Amino acid sequence: MMTIASHHQARCLLLALCLSIPALPCAHAQDAPSSQNPPQKPTAAPTDEPGPQTDSGDIVLKKKKEADEPPPPPVAPEAPKVKNPNNDTYSLRIDVPIVNIDANVILDKTHQFVPGLKANNFLILEDGVPQTVTSVRTTQTPITAVMLLEFAANSYYLINDMRNASYTFFRTLRKDDYVAVITYDLRTHILTDFTNNKDLIAQSLQSLMIPGFSDTNLFDALYETLDRTSRIEGRKYIILIGSGRDTFSKLTLDKIYAKVKAAQNVTIFTISTGAMLNEMSGGGGPRELDYLQAQNQLRTFASMTGGLSFAPVFQGELPDIFGTINDSIRNEYVLTYRPTNNKNDGSYRKVKVLLVDNEGHPLRMQDEKGKPQKYSVIARDGYNAKLPVE
């Protein structure tokens, strides 16, 4: 009996122990879902925004097959490098020379400008060789001029003539004209630089009251004026009003002639002073020779640049003189041609401009009554060719 009771108590104790331990789920049953019930995708949490909801899950891109990639383009061969001898650098420049000649055609009697001429009416000789004029045009533009005035204590008559001539030219200026006023005695004096203010120009002329020196260094003054005008683009004019005599210039006559000949785009007009004084003295003797030499120098300065030279005796001649100058500088022909001598050697080329008819004969002009009219062609007597390109 003792054995059966003990065995029964042991079984009751084991059963109570088993009931007190909770049942543990099988771990492998949750790790491997059943093939009959596939896993469901987690649903996104509902939002308060209206409209359809989108899945923001990860996007998996398939890797592109290597076979679908195009082959790389072939590499271009490297261009061969050409080297100059001694690794020197060379440049090529083609320079086609073109020459522009400003020409004026006026009647000798009335000094009027002759309009209406065509390209076939002009014959240009360069060093005696005929040239073909490619174009002809007429221009009338404002002027850029320098009034170069002799103001020295040598004679009241010379100063009075200079004042009358300068004031007469001043009254012919227009609002678009630019003028500078320079005087000279022993040296040059710039009274006013280039300006279109006529009040400043008038004040400069009114300041010419008491001269300082009696020397007249014309050659040096003209040389310096040509240097100043060379820095200005376009056509320039020098109105030289003086006796034409030179006393102590550093330059010789040959050197100033060379400077005038080499000047580009500059036309010189000269108005001589002292003609009445020379007439009153009766002429003759050293004074007459000195006056004639001075007049010849002034005429040469003008003719070398295509300008005009005047020697008025009376003051009443001045309006007509400056009227002629205005017609000459405001109305002119611009002739363009390509020289047959296209060498850039810097040499001086002599140029002569003639008028011809349709048959190549010298052109004849007549007035309304059929009387022949003499005319003059005013142009530069030459130019300097360009220097070689280095």
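Mentor: One term before we start: buried means under 20% relative accessible area, exposed means over 50%, and partly exposed is in between. Also keep in mind that this is a predicted model.
Trainee: OK. So is Phe269 buried or exposed?
Mentor: Buried, because its relative accessibility is 1%.
Trainee: And Tyr237, buried or exposed?
Mentor: Tyr237 has 4% relative accessibility, so it counts as buried.
Trainee: What do Tyr237 and Phe269 form?
Mentor: An aromatic pair, and a tilted one. The ring centres are 6.2 Å apart, with 35° between the planes.
Trainee: Which rings have a charge over them?
Mentor: Phe170 is one of them, with the charged end of Lys198 over it, 5.3 Å from the ring centre. Tyr348 is another: Lys261 lies over its face, at 4.8 Å from the ring centre.

Trainee: New topic. Which residues touch the most other members in the largest nonpolar core?
Mentor: Leu149, Phe169, Ile239, Ile241, Ile271, Phe322 and Ile325. That core has 31 residues.
Trainee: Which elements give two or more residues to this core?
Mentor: Among the strands, S5 (144-150), S6 (178-184), S8 (236-242) and S9 (266-272). Among the helices, H3 (156-171), H4 (198-206) and H9 (318-330).
Trainee: Let's zoom in on one member. What is Phe322 in contact with?
Mentor: Leave aside its neighbours within four places in sequence. Then the list is Ala165, Thr168, Phe169, Thr172, Ile239, Ile241 and Ile271.
Trainee: What lies apart from that core?
Mentor: Another core, of 22 residues. Leu218, Leu226, Ala263 and Val266 are among them.

Trainee: On to charges. How many salt bridges does the structure hold?
Mentor: It holds 6. Take Arg349 with Glu126: the closest N and O atoms are 3.3 Å apart.
Trainee: Where are those two?
Mentor: Arg349 is in strand S12 (residues 348-355), and Glu126 is in strand S2 (residues 122-126).
Trainee: Which residues do shared partners join into one network?
Mentor: Glu126, Asp345 and Arg349, through their salt bridges.
Trainee: What does Asp177 form a salt bridge with?
Mentor: With Arg330, where the closest N and O atoms are 2.6 Å apart. Asp177 sits in the loop between H3 and S6, while Arg330 is in helix H9, 153 residues apart.
Trainee: Why does Asp177 count as buried?
Mentor: Because its relative accessibility is 3%. Arg330 counts as buried as well, because it has 2%.
Trainee: And what is the partner of Asp227 in its salt bridge?
Mentor: Lys259, with the closest N and O atoms 2.7 Å apart. Asp227 lies in helix H5 (residues 218-229) and Lys259 in helix H6 (residues 253-262), so the pair ties together parts that are 32 residues apart in sequence. Asp227 is partly exposed, with a relative accessible area of 28%.

Trainee: What does the side chain of Asp246 reach?
Mentor: The backbone nitrogen of Leu218, at 2.7 Å. The side chain of Asp246 also reaches the backbone nitrogen of Phe219, at 2.9 Å.
Trainee: And Gln131, where is that found?
Mentor: Gln131 is in strand S3 (residues 129-131). Its 6% relative accessibility is why Gln131 counts as buried. The side chain of Gln131 reaches the backbone oxygen of Val129 at 3.0 Å.
Trainee: What does Gln131 touch, not counting residues up to four places away in sequence?
Mentor: Ile124, Glu126, Tyr337, Arg338, Pro339 and Thr340.

Key: Residues numbered from 1 in each chain as written. Predicted model: local features only at pLDDT ≥ 70, side-chain atom pairs only at ≥ 80, totals over all residues. Heavy atoms only, no water. Core = buried A, V, L, I, M, F, W, Y, C linked by side-chain atoms within 4.5 Å. Buried < 20%, exposed > 50% of the residue type's maximum accessible area, 1.4 Å probe, protein only. Helix = DSSP H or I, 4+ residues; strand = E, 2+ residues; numbered from the N terminus. Contact = heavy atoms within 4.5 Å. Salt bridge = Lys/Arg side-chain N within 4 Å of Asp/Glu carboxyl O. Phe/Tyr/Trp six-rings, centres within 6.5 Å; stacked < 30°, edge-to-face > 60°. Lys NZ or Arg CZ within 6 Å of the ring centre and 35° of its normal. Polar contact = N/O pair within 3.5 Å; in protein donor to acceptor, adjacent residues only side chain to side chain.
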